[in-house]
Amino acid sequence: MGTFIQLVIDGLSAGSIYAALALAIVLVNQATGLINFAQGGMAVLAAYFAYTFLQWGVPLILAILLSVLVSFVLGAVIERFLMRRFERGDPDTAVVVTIGLLTLITGLCGWIWSFNNLQFPSLFPVQTVNILGAVVSIRSIGTTLVIVGIMLLLQLLFLGTKLGLALRAVAVNPQSASFSGLPVGRLLMVGWGLAAGLGAVAGALIAPSLTLTPGMMDSALVYALAAVILGGLSSPIGVVIAAWMIGVLENLAAVYVPFIGYDLKIAVPFILIFIVLIVRPQGLFGRKEVVRV
Amino acid sequence: MAAATDFLSKPWVRWVAIALVVIALIVLPLILPAFANQTLARIGVFAVAVLGLNVVMGYTGQVSLGQIFFVGVGAYVTAYGVQQGWNIALVLILAALIPGVIGLLISLAAARLGGLAIAMVTIALPIIGVPLAKRLSEFTGGSQGLSARFSAAPEWTGLYDDQWQLYIVIAIAGVVFLLTRNLVRGKYGRAFAIVKGNEAVASSMGISPYRYKVLAFTIASLIGGVSGFLYMVVVQYTSPETMSFGHSITLLASMVIGGAGSILGSLLGGAYYVLAPQLTNAIDSSLTAVLQGVILLVILFVLPGGLVSLPRLWRRRKSEHRGMPALDATASVTVPTPHPPTQSEEKRQDT
């Protein structure tokens with residue numbers, strides 16, 4: 001029983017990170033209708049920024065906040081000068097652009113900071129606490145709590161502020177939004193910036209356990225995409241629940257299903273997807289999209 | 001220019017051109033140095049892989065990030081079959097069929113998802129494929145990989161190994177290219193184009209987008225498997241690294257850079273896949289990934305139709321200079337789509 005609880009809590013913490021990345025992907029998708037495959041790469045870049053700030057002697061928490069800020073600006077700049085041109089065109093082309101961006105960012109990280117594993121300090125102490133006989137690391141609990149806190153903040157932003165209202169208006173209908181006087185372009189930049197900032201938090205939280213490498217987020221991206229498919233692109237809450245589900249299930253499968261083990265646990269979300277797809281093609285919580293010709 | 005187009009569209013000119021290409025393909029391996037032959041053979045291998053990707057992505061508009069997985073499966077099937085001493089023709093058939101069946105099963109589920117979700121599912125293939133190949137070490141040799149030497153030149157030919165391998169690649173790749181060209185120019189190709197253009201229109205015309213997406217994906221996997229067979233002919237060794245995520249992305253970049261939705265573009269894409277790393281390594285090996293990303297983004301910005309659209313772009317420039325209206329200067333942003341047939345192509349199909 002102890003192991004079980006431990007696995008579930010570790011799974012929730014991993015799932016929280018996938019959830020943050022998945023939310024960033026949903027945020028961009030809602031605003032611009034495309035999938036940003038470079039979201040994970042941008043998060044890695046942010047983690048490298050935080051690493052560099054640390055080298056300069058900035059305290060850890062400040063370094064992470066700074067990297068979030070830099071990521072916000074970078075995300076906005078990428079939207080304005082790279083993606084803007086492709087947003088109205090063919091979505092396939094835009095996807096290829098984000099893949100080009102992923103290659104470029106991964107390459108840049110490797111070129112500047114080398115492809116070697118770098119140690120990234122954790123925000124939380126390495127101690128463990130005893131919960132119902134299970135040994136649970138504070139890092140897992142802390143990671144989960146931070147991400148949940150950020151999600152609540154985002155919810156507050158989207159539902160309780162004017163900026164959030166404007167962002168939602170742009171997501172629902174860019175044309176009508178611009179007719180009613182909203183600066184659509186700038187709001188898109190804010191959307192991308194928020195997504196990049198969210199990714200930066202995920203990057204800083206996952207870096208201590210994975211160690212920092214340019215390809216660190218590749219599998220996290222795959223998990224996040226799986227969560228997006230399972231939860232449905234139109235449902236942020238569904239995506240978060242799906243991400244937690246994936247985190248917990250893969251951890252359990254790794255231990256209790258001998259064939260899967262730790263190396264193949266990444267297959268778990270996709271087995272799940274195949275089952276769900278046969279039953280509910282629009283995702284667990286998504287709405288069926290109706291296209292007008 | 002009109003005179004030149006007329007000249008090129010005469011049937012006998014085309015036959016002579018085809019004959020010249022065939023003769024060149026037969027003679028060149030005999031006179032080129034071994035290194036050039038090996039490079040050409042590798043280009044042929046990856047041109048076939050890019051061609052497969054083109055069927056599903058360039059022609060049918062379904063972004064696939066997993067093509068390299070099928071190349072890897074084809075290579076593993078080939079290596080395993082050769083080690084078991086199976087007949088080589090049987091090995092080739094299995095190397096195409098097994099990835100095809102896997103592709104069919106995956107697409108049956110993945111094609112139910114609309115739009116970009118196929119990309120989101122297929123990105124998992126190389127990422128799952130690598131640990132899976134390590135795990136199934138009984139068949140794959142684990143991280144060590146498998147090697148299979150079956151492509152040495154037979155005595156009676158009097159050829160060197162590199163020449164013999166290049167001939168095998170040319171023969172098999174030639175057949176695959178010819179079959180695919182016929183496929184995309186015929187009834188199925190038109191169905192693919194409509195599915196890509198507008199799924200609602202496709203279903204209103206009685207063309208099931210689901211069925212054609214599955215078909216395109218399956219064909220792409222089959223072709224990927226053949227490419228894996230050829231990979232073993234040339235490289236004679238495969239490991240989990242063959243189907244890594246990075247290679248999958250490079251394959252996709254090669255397709256876009258060569259030209260999406262184009263047979264010739266697939267060939268150019270294969271050349272890019274093989275030659276670009278050699279070029280960027282020569283500049284600075286630590287910059288390889290950066291340069292690849294930059295090249296891909298620059299191509300998307302200035303030449304969205306890929307390298308294969310260069311001549312067309314040039315022709316359009318010329319006609320603009322002579323004061324004729326631009327064909328579709330704004331539409332070029334939305335490419336890669338198969339371009340509307342230019343005049344010369346239309347004429348060719350009439351004759």
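Me: Which residues of H5(B) are buried?

Reply: This is a predicted model, in which local features need pLDDT of at least 70, side-chain atom pairs count only at pLDDT 80 or more, and totals for chains, interfaces and linings use all residues. Residues are numbered from 1 along each chain as its sequence is written, while chains are lettered from A and ligands numbered from 1 in the order in which they are written. The buried residues of H5(B) include B:Val91, B:Leu92, B:Ile98 and B:Ile106. Buried means that 20 or more other C-beta atoms, placed from the backbone, lie within 10 Å of the residue's own; exposed means 12 or fewer, and partly exposed is in between.

Me: What do the buried residues of H5(B) pack against?

Reply: They pack against helix H4 (67-83), helix H6 (117-122) and H12 of chain B. Helices here are DSSP runs (H or I, at least four residues), numbered from the N terminus, and strands are E runs of at least two.

Me: Why is A:Thr211 called exposed?

Reply: A:Thr211 has 12 C-beta neighbours inside 10 Å, so it counts as exposed. A:Thr211 sits in the loop between helix H8 (184-210) and helix H9 (218-231) of chain A, and has a positive phi of about 60 degrees although it is not a glycine.

Me: What makes B:Gln236 partly exposed?

Reply: B:Gln236 has 19 other C-beta atoms within 10 Å, so it is partly exposed. B:Gln236 also has a positive phi, of about 65 degrees, without being a glycine.

Technical notes:
Contact = placed C-beta atoms within 7 Å.
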